[in-house]
Structures are given as structure tokens and as C-alpha cells.
Amino acid sequence: TVPDSPEFFDLDDHHRCWKGKVFSVCGNTWHMLASTRFRPHFEFIGNFDNHFGLFEGCGRASRFKSAAGNQSSGDCAGGSCC
């Protein structure tokens, strides 16, 4: 587990990773975990041979807010997305 996160880890405002639970993520989220200091805290299953489309909370449904505090719109306006 990630230090100071014994039961779950919040990567951002829409990715909560529960200890011991397998969950699907998009490629960008996979890279955010696998290519950073968080890698040792996760087990990565699968590869990039198949594409399963957008996951809820990713891409166009991104919940990141713009600097003005307004909800983003379009493809990742005002922030990052998956």
C-alpha cells in the first residue's frame, strides 16, 4: 500500500484505488501509476493489446475543474484526463 493510505489511495479526484481490489483503468492512468514512484505499490495486470474504450470518469467525462473553479468541458479543458 501507499504510505499513509492503508485502505485506499486517491490518485486524483476520480481515481480511488482500494487495497486488494482489481479495477480497470485507462492507459493514461496506468502510466501515471506504473511510471512513477507509485509503481511498487500496485500490481499491473494486462497489456495494451486490446482497447476497451473510455472508462467512467475519464476522457470527455473528466471531472477536473478549471483554474476559475468551473466544471471543465470538452476534451480535458482546464486540466488533464485519461
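Predicted model: local features only at pLDDT ≥ 70, side-chain atom pairs only at ≥ 80, totals over all residues.
User: Thanks! What elements does the chain have, and in which order do they run?

Analyst: There are 1 helix and 2 strands. Reading from the N terminus, the order is β-β-α.

User: Why does Ile45 get the accessibility class it has?

Analyst: The classes are buried (under 20% relative accessible area), exposed (over 50%) and partly exposed in between, with a 1.4 Å probe and protein chains only. Ile45 has 60% relative accessibility, so Ile45 counts as exposed.

User: What makes the contact between Arg16 and Asp10 a salt bridge?

Analyst: A salt bridge needs a side-chain nitrogen of Lys or Arg within 4 Å of a carboxyl oxygen of Asp or Glu. The N to O distance for Arg16 and Asp10 is 2.7 Å, so the pair meets the rule. The count by this rule is 1 salt bridge.

User: Why is the pair of Phe9 and Phe38 given the name it has?

Analyst: Rings of Phe, Tyr and Trp (its six-membered ring) pair if their centres lie within 6.5 Å; planes under 30 degrees apart are stacked, over 60 edge-to-face and the rest tilted. The structure holds 6 aromatic pairs. In the pair of Phe9 and Phe38, the centres are 4.8 Å apart and the planes make 45 degrees, which is tilted. This pair links distant parts of the chain, with Phe9 in strand β1 and Phe38 in the segment after α1, 29 residues apart. Phe9 is buried at 10%, and Phe38 is buried at 13%.

User: What kind of pair do Trp30 and Phe48 make?

Analyst: Their centres are 5.1 Å apart and their planes stand at 85 degrees, so this pair is edge-to-face. Again distant parts of the chain are linked: Trp30 lies in helix α1 and Phe48 in the segment after α1, 18 residues apart. Trp30 is partly exposed, at 23% relative accessibility. One aromatic cluster is formed by Phe9, Trp30, Phe38, Phe42, Phe44 and Phe48.

User: How much space lies in the largest pocket, and which residues lie nearest its centre?

Analyst: A pocket is an open set of points on a 1 Å grid over the protein atoms alone, where a 1.4 Å probe fits, with protein on both sides within 12 Å along at least five of seven lines; lining residues have an atom within 4 Å of a point. The largest pocket holds about 1000 Å³, taken as the space filled by probe spheres set on the points. Its lining has 35 residues, with Phe23, Ser24, Val25, Trp30 and Ile45 nearest the centre. The elements giving two or more residues to this lining are β1 (8–12), β2 (15–18) and α1 (27–34). Of these, α1 gives the most, with 3 residues.

User: What makes up that lining by residue class?

Analyst: It divides into 20 nonpolar, 11 polar and 4 charged residues. Here Ala, Val, Leu, Ile, Met, Phe, Trp, Tyr, Cys and Pro count as nonpolar, Asp, Glu, Lys and Arg as charged, and the others, Gly among them, as polar.

User: Finally, why does the phi of Asp4 get a mention?

Analyst: Most residues other than glycine have a negative phi. The phi of Asp4 is near 65 degrees, a positive value in a residue other than glycine. Asp4 sits in the segment before β1 and is exposed, at 81%.

Terms used:
Residues numbered from 1 in each chain as written. Heavy atoms only, no water. Helix = DSSP H or I, 4+ residues; strand = E, 2+ residues; numbered from the N terminus.
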